[in-house]
Amino acid sequence: MGEIIKPRRIFLWCMAAIYMAAFVSVYVQIPGLYGNDGLLPARWQLRYTGKPLLDQMLSSPTLLWLGPRLGLDTQTTMELLCLVGALLSLAAVLMEAFRDSLVFFCLWALYLSLYQVGQVFLYFQWDNLLLETGFLCILVAPLTLIRGSRAVREHDRVTFWLIRWLLFRLMFASGVVKLTSRCPTWWGLTAVTYHYETQCIPTPLAWFAHQLPVWWQKLSVVGTFVIEIPVPFLFFSPLRRLRLGAFYMQVLLQVLIIMSGNYNFFNLLTMVLCLSLLDDQHVNFWLRKTDESNNENRDSRWLSWLCYLLELLVWSLLICGTILCFDLQVDTTKKSISSRTAFTYHQFNSFLKSVTIPCVWIGVLSLTWEMVTSMFRCACVSGFWKRFGRMMQWTVFAAASAAMFAVSLVPFTYIEFDSNARLWPGVRQAYEAVDRYQLVNSYGLFRRMTGVGGRPEVVIEGSSDGVAWTEIEFMYKPGNLSASPPVLTPHQPRLDWQMWFAALGPHTQAPWFTSLMHRLLQGKRDVIELIQTDVSKYPFQQQPPAFLRAHRYRYWFTELKADGSYPQRWWRRVYDEEFYPVVHLGSSFLEGMLNQYGLKDKSSPRRISNTTLAQAVRWVRSQVRGVPAPALIWTLLACSATFCLLRGLHAKNNPTERSSSSAEKTSDHTDGADVCSSDHLEEKHETEEEDEEDGANTEDEAEKSEKNNIGEDEDEDEENDEKLDERFK
């Protein structure tokens, strides 16, 4: 695999942007979800027993324990953590110096602190994925703020490999669980015919995708299985074009999901993980730049043809295997392609047992190769002390990478019980020790398809007299039959998502729903803003409803009319059953449910903090109140991207920066790829770089510069690395 300098830097930039979106998305929902008058107040999760701070941190690793020491209540502390996380990630987006290991450690610790008290509203797989990826960023990112240099390190390929392994675990497990769940829609290849209208929050394009013919929908399921199960094995292929093919197939799947559904930052984060499959040569191809860093000799003609034949063989086997496993046949009369699952559950389970352990060994061999090549690079660095320092760095990061890989085997092998049982007990103990920190997680999305008999949806109704009832419409989830589905990515309305889960069963499976009814009867503004950011659109903004109830309906997308014209409404629905009985403040049923779930706050009201820090946090809240979260997030992302683009164009058009960037490339290549060169050649490169930067140095000045720089190799490397960072900011 070629150099990974540019993919690694793009990856860190994208991770900073995703962190920013995640923190802002959670921030705008904190008062309604976790505030003192929210649905599940976060202070209930923290019990101040007088123990030392360290003991509290070990029992529940969250920075919220620092709140009382700062003179803040739990809600204000949560908002402060979100604001700090958003500002740090924004700084990392705008300035490469902040894409540092320490900064990413802070971002990870801040999001973990929120996760620890987030309860059901933050327990999603993408939250786990963000925490795991965020922790890996600590290993991938450079130590800029301490070391003062962003030079290419020989062990970067080892740590960046962990991102590829995470991507493999995510995609392979997501494909496998669809079949191991024995869901009839996945086995019958009909899952997508229900998916578009039954997913949590569809986009407008989902309605059009739902109108596609059934044979195309079944073919989409086949494509999903192919991309998620066999294609991930190409992530570890030694042939570069196979990895690039796997990259574009994964990105295609994620883009299609983004276009048809609102899954917050999850699909964007998955696409960012795919950057681990790229190298500098392909990024230069995107940028239409000559790959000057590739000085390797051209492969011989016969070796090139051998690679082409191997790639053709792999793609041919993939296509033939797909045709055989799903019995694909072209029907010329109907102008369609028929498909069915041509293997049994027993056969697939046998296949899974036979490949799970080999998957582990593929990972072991791939990681070992990266470690050995990186160690060789370190051993070839010129200068004893410099070589010794690089070898020490390699030892630390290689050990950390091996430990992360070993611990990840526990959740990865959950997909096959026998393989999981064969793991070394020491690995299990290590996993149990770090499980609370969400360093590694198990994944498996869309295990079963819900809503086969119609999309269940809970509709809350309020009344002032118990006779005339008015529906309470949410901003994002389906309710109004004529309302167009929204586009929210990368924001996740946490309440709307949990309303979707609540509709799948009785209200007793969602205790928080009782709290929602209680807060609406009380007229709590923070909770109302979760339903409608613009409170004027809430039907009971003047006075809270005296009575509330909830019914369950079945929703379907409307169909095209017989003449091919579009209908006036997006949805149609039928009444299903009562979901929650009529309640009012003080009703015996409501009080009984609140007591049963421990949702009544028996503690005395807490005094509002008036410290300067608390007032500053409340001022920020007053400035963003009423602003839709998607608009706020996209404004920050657009402004940040525009700033980075303009700065890049300015650097490109600046002759001085452009001339120095050429010398920086040479320095970067010397540091990362030609580490086995002699001291004489290294000094010669430095002299040539200085000549190119000055543009007018004489030969005598160059010789003098060369002499002055003897013995200052490390300082020169750091200076050149800083110049390189300015080019890629």
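Is the crossing of H1 and H4 left-handed or right-handed? The crossing of H1 and H4 is left-handed, a term for a near helix turned anticlockwise from the far one by less than a right angle, with clockwise giving right-handed. This is a predicted model, in which local features need pLDDT of at least 70 and side-chain atom pairs pLDDT 80 or more, while totals for chains, interfaces and linings use all residues. Residues are numbered from 1 along each chain as its sequence is written, and side-chain values use heavy atoms, without hydrogens and water.

**Helix pair**
- Helix H1 (residues 5-27) packs with helix H4 (residues 74-94) at about 155 degrees, and their axes are 8 Å apart.
- H1 is therefore roughly antiparallel to H4 (angles over 145 degrees count as such).
- Axes are lines fitted to C-alpha atoms, for helices over the stretch in contact, and angles run from 0 to 180 degrees between N-to-C directions.
- Helices (H or I, at least four residues) and strands (E, at least two) are DSSP runs, numbered from the N terminus.

**Sheet**
- Four strands form an open sheet in the order E4-E3-E5-E6, with antiparallel pairing (pairing takes at least two DSSP bridges between two strands).
- Strand E4 (470-472) and strand E6 (571-583) are at the edges with a single partner strand each, so one side of each lacks a neighbour in the sheet.
- Nine bridges link strand E3 (residues 455-463) with strand E5 (residues 547-557); Gly462 has Leu548 of E5 as its bridge partner.
- Helix H10 (residues 191-198) packs on the sheet and touches E3, E5 and E6 (contact means heavy atoms within 4.5 Å).

How values were computed: Parallel < 35°, antiparallel > 145°, perpendicular 65-115°, else oblique.
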